Every structure is written in structure tokens, then in C-alpha cells.
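These are my notebook entries on a structure that was new to me. I record what I looked up, one topic at a time.

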Amino acid sequence: MINIKKPKVFVTREIPKPGLDLLRKFCDVEVNPHDRVLTKQEIIKGVKGKDALLCLLTDNIDEEIIASNPNLKVIANYAVGYNNIDVSVATKYSIPVTNTPGVLTDTTADLTFSLLMCAARRLVESDNFMRAGKYKGWGPMLMLGHEITGKTIGIIGLGRIGSAVAKRAVNGFNMKVIYYEHDGPKPEVEKALGVKYADFDELLKQADFITLHVPLNDQTKHMVSTKEFGLMKSTAILINTSRGQVINEKALVEALKKGKIAGAALDVYEEEPAMAPGLNELDNALIVPHIGSATIETRTKMATMAAENVIAAVQCKVPPNLVNRVSLEQWKCKI
Ligand code: NAP
């Protein structure tokens with residue numbers, strides 16, 4: 001009997017079973033046995049002799065890791081954002097990098113709207129108030145929040161998730177939607193969604209709710225900082241489900257303390273899992289632990305998608321969700 005060797009894959013953390021089951025049909029799979037983020041040395045040890053790496057946004061895949069196994073046929077991220085991977089280095093080594101776009105769009109847009117509504121209507125504060133036994137009866141001034149219907153929402157980055165948020169705002173809440181994109185207006189999208197382009201500063205000045213949906217890169221890092229808080233309305237609420245480093249978090253804490261803006265609702269943090277000092281003491285900050293895509297259905301789809309990317313690459317096919325340009329000539333599937 002011929003013994004055909006299966007390609008070897010290292011998975012940096014347990015992901016939903018359907019993804020692992022699919023991988024196991026085609027590959028020998030080694031999964032991090034610990035329920036924690038691995039150290040760099042542990043990842044280097046894990047990828048040794050492997051054909052593929054399936055990693056998470058919590059893994060910083062840098063040159064040291066990539067150079068430790070330049071024979072990897074793919075680095076498959078279990079996320080749509082891939083700022084945790086040094087893509088230019090992977091490209092230099094002709095290693096395809098993949099992500100999981102689309103399957104988490106609605107889920108993340110839903111969380112964005114949940115955060116917007118919870119912050120505007122002070123739901124967490126209200127819940128804490130009840131549990132603390134402070135409710136003594138209905139009051140005309142009790143827990144007054146901010147109206148949502150009919151207000152202006154400013155969307156920064158009108159891609160997949162930004163557009164899904166726009167749909168919810170227009171169709172569900174009759175909101176006026178303005179958006180900013182680094183490439184300027186998108187007339188066809190404007191027509192389809194019923195949204196209007198605004199310059200960055202104008203959006204900050206006009207919006208009652210500002211929501212961030214850009215990828216993290218050199219242009220978007222600290223895109224919102226002290227100057228930008230100075231332009232926002234004192235009644236504005238900022239929502240971030242993109243990446244923590246898009247906001248200067250220290251400047252945000254200052255802005256919230258000084259009342260430069262009314263509130264912030266955050267899923268992501270600059271130095272995750274840490275937070276800027278003082279953030280968790282503010283009543284006008286709503287903070288959740290990076291749960292944008294955290295539904296059973298979506299995480300399962302992400303696992304399957306990441307597995308499909310790995311399987312294609314180890315079979316020398318172009319993976320469906322390739323994010324870098326690796327010339328096939330250079331890649332040669334590394335046979
Ligand atoms: P996407 O479809 O690529 O949308 C990003 C949009 O931002 C694109 O329209 C892009 O324009 C635009 N953009 C890029 N740079 C910009 C800049 N400097 N100024 C203004 N706009 C800019 O990505 P997506 O699927 O919507 O995801 C967006 C981000 O959300 C991801 O990168 C990820 O970091 C984050 N995310 C977080 C969670 C979570 O759990 N909290 C879940 C999913 C995603 P171009 O295409 O023209 O560059």
C-alpha cells in the first residue's frame with residue numbers, strides 16, 4: 001500500500017470543530033493544546049517542518065517567525081483584518097497570506113449597532129443601577145440618553161462592514177449617513193445605500209455618532225486623536241469595532257474625562273488585552289472584549305474558510321482569499 005504523506009499544518013489556537021475536521025481530512029493537524037496565546041518561540045517551534053500556519057489576530061507573525069520556516073505554503077489568518085501579519089515579509093518569502101472576509105460582516109455590523117444603542121441609551125449604567133438597588137421609581141430625569149432615530153451617523157471606512165452599518169442606520173433608524181473614504185466619494189455606493197460623502201473633518205464636526213471601519217495600517221494608526229476629538233460635538237458618541245490602534249486611547253480617555261465627547265463604545269483596544277489607564281473607570285465608556293465576530297455561526301464559518309484557504313494552498317491551488325501578490329512563478333508551490 002502506498003503511504004501518501006499528508007501536508008502538515010500548525011494551528012495556533014483551537015478554532016471551531018468544523019474547521020479542524022475539514023483540515024484533518026486533508027492534512028496532519030497540530031493544534032496549540034493550551035487555551036492561551038502562544039509566545040513567539042512556541043509559534044516558531046510549532047511551524048517547524050510544517051507546510052501551513054493557521055493563525056489568529058492575537059499572533060504577531062513577524063519576520064523572525066516567517067524566516068524560521070520559509071517553506072510555508074500559506075499563512076492563513078482566522079480574521080478579516082491581517083495587520084498582525086507582516087505581509088510584506090511574507091510576500092518577500094513568496095508565502096501567500098489569506099484572511100476570512102465577508103462571513104463576519106453582518107455579525108460585526110450587528111455588534112456595532114448594539115454598542116451604539118447601548119451607549120446612547122446608557123444600558124450598562126442602567127443595568128448596574130438596578131442591580132445596585134438604586135432604583136426608587138420612575139423619574140423624569142433618570143438615565144437620560146441620546147436619541148438615535150433621525151440622527152447623523154458618520155462612517156469612517158465604507159467597506160463591507162461600514163456599508164452593512166449604513167444599511168442598518170438608513171433602513172432601521174432613518175438616520176442621515178455621511179461617510180469618509182481615503183479614495184474619495186463612491187457615487188454608485190452612495191446611490192445604492194442612500195449615504196453622502198463628507199471630508200474627514202466635516203464628518204467629525206457633523207456626526208452625532210462616529211463609527212470606525214478602516215483596516216489598521218500606517219495611514220489609519222491614531223487616525224482619531226486629540227485634534228479630532230476637538231472637532232467632534234460634545235454630544236458625540238464614538239464607536240470602534242475596527243482595531244484599537246486606530247484611536248489614540250490615552251487621548252480618548254482625556255476627551256471622555258473632559259467632556260469633549262459624550263461617550264465611547266469600544267470592542268477593540270490599543271494594547272489588547274490591556275486598556276489605557278482610567279478607561280475602565282469611566283461611566284461614559286462602554287467596553288466589551290473584542291467580540292465583533294463572536295457568534296457560533298460566524299466563528300464556525302471563519303474556521304471553515306480559513307481551513308479552505310489552507311487546503312487550497314497545500315494542494316498548490318491559489319487560495320480563495322489571498323491578500324498578497326505572490327507570483328506563482330516564485331511560489332511554485334514550494335514543491
Ligand atoms: P473592508 O471591506 O476592506 O473595508 C475597509 C474600508 O476602509 C474600505 O472601503 C477601505 O477603502 C477603507 N479605508 C482604508 N483605508 C482608509 C483610510 N485611511 N481612510 C478611510 N477609509 C479607508 O474591510 P471590512 O471587512 O469592512 O473590515 C474592516 C476592518 O474591521 C478590518 O480590517 C478589521 O480590522 C476590523 N474587524 C474587526 C472585527 C472585530 O471583531 N471587532 C471583526 C471584523 C473586522 P479601500 O478598499 O479603497 O482601501
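**Entry 1: the second largest pocket.** I sorted the lining of the second largest pocket by class and found three nonpolar, eight polar and seven charged residues. For this sorting, Ala, Val, Leu, Ile, Met, Phe, Trp, Tyr, Cys and Pro count as nonpolar, Asp, Glu, Lys and Arg as charged, and the others, Gly among them, as polar. The lining consists of 18 residues, and Leu 57, Asn 83, Leu 216, Gln 245 and Glu 270 lie nearest the centre of the pocket. A pocket here is an open set of points on a 1 Å grid over the protein atoms alone, where a 1.4 Å probe fits, with protein on both sides within 12 Å along at least five of seven lines; lining residues have an atom within 4 Å of a point. I noted a volume of about 510 Å³ for the second largest pocket; grid points are joined across faces, edges and corners, and the volume is the space filled by probe spheres set on the points. Domain 1 (8-103 + 296-314) and domain 2 (105-287) each contribute at least three residues to this lining. The domain bounds come from an automatic or database domain assignment.

**Entry 2: basis of the values.** The model is predicted, and local features need pLDDT of at least 70, side-chain atom pairs count only at pLDDT 80 or more, and totals for chains, interfaces and linings use all residues. Residues are numbered from 1 along each chain as its sequence is written, and side-chain values use heavy atoms, with hydrogens and water left out.

**Entry 3: cysteines.** How many disulfides does a search of the whole structure find? The search finds one, where a disulfide is a pair of cysteine sulfur atoms within 2.5 Å. Cys 316 is joined to Cys 333, with 1.8 Å from S to S. The pair links distant parts of the chain, 17 residues apart: Cys 316 is in the loop between helix 12 (296-314) and helix 13 (328-331), and Cys 333 is in the segment after helix 13. Helices (H or I, at least four residues) and strands (E, at least two) are DSSP runs, numbered from the N terminus. The link of Cys 316 and Cys 333 is left-handed, at -90 degrees about the S-S bond.

I then compared accessibility, with buried meaning under 20% relative accessible area, exposed over 50%, and partly exposed in between (1.4 Å probe, protein chains only). Cys 316 is partly exposed at 34%, whereas Cys 333 is buried at 4%. Cys 27 is buried at 2% relative accessibility, and Cys 118 is partly exposed at 22%.

**Entry 4: the largest nonpolar core.** This core holds 33 residues, of which Ile 156, Phe 229, Met 232, Leu 238 and Leu 252 touch the most other members. A nonpolar core is a set of buried Ala, Val, Leu, Ile, Met, Phe, Trp, Tyr and Cys residues joined through side-chain atoms within 4.5 Å. At least two residues of the core come from each of strand 7 (176-180), helix 9 (200-206), strand 9 (209-212), helix 11 (249-257) and strand 11 (263-266). Helix 11 gives the most, with five residues. I looked up Phe 229 in particular: Phe 229 is in helix 10 (residues 226-231) and is buried, at 2% relative accessible area. Phe 229 and Leu 256 are 27 residues apart in sequence and 9.3 Å apart in space, C-alpha to C-alpha.

**Entry 5: backbone details.** Most residues other than glycine have a negative phi, and most peptide bonds are trans. Which peptide bond is cis, with omega near 5 degrees? The bond is the one from Glu 272 to Pro 273, and Pro 273 is found in the loop between strand 11 and strand 12 (285-287).

Ser 94 is not a glycine, yet has a positive phi of about 55 degrees. Ser 94 lies in the loop between helix 4 (87-92) and strand 5 (97-98) and is buried, at 8%. Met 143 likewise has a positive phi, of about 50 degrees. Met 143 lies in the loop between helix 6 (123-131) and strand 6 (152-156) and is partly exposed, at 22%. Arg 122 and Met 143 are 21 residues apart in sequence and 6.9 Å apart in space, C-alpha to C-alpha.
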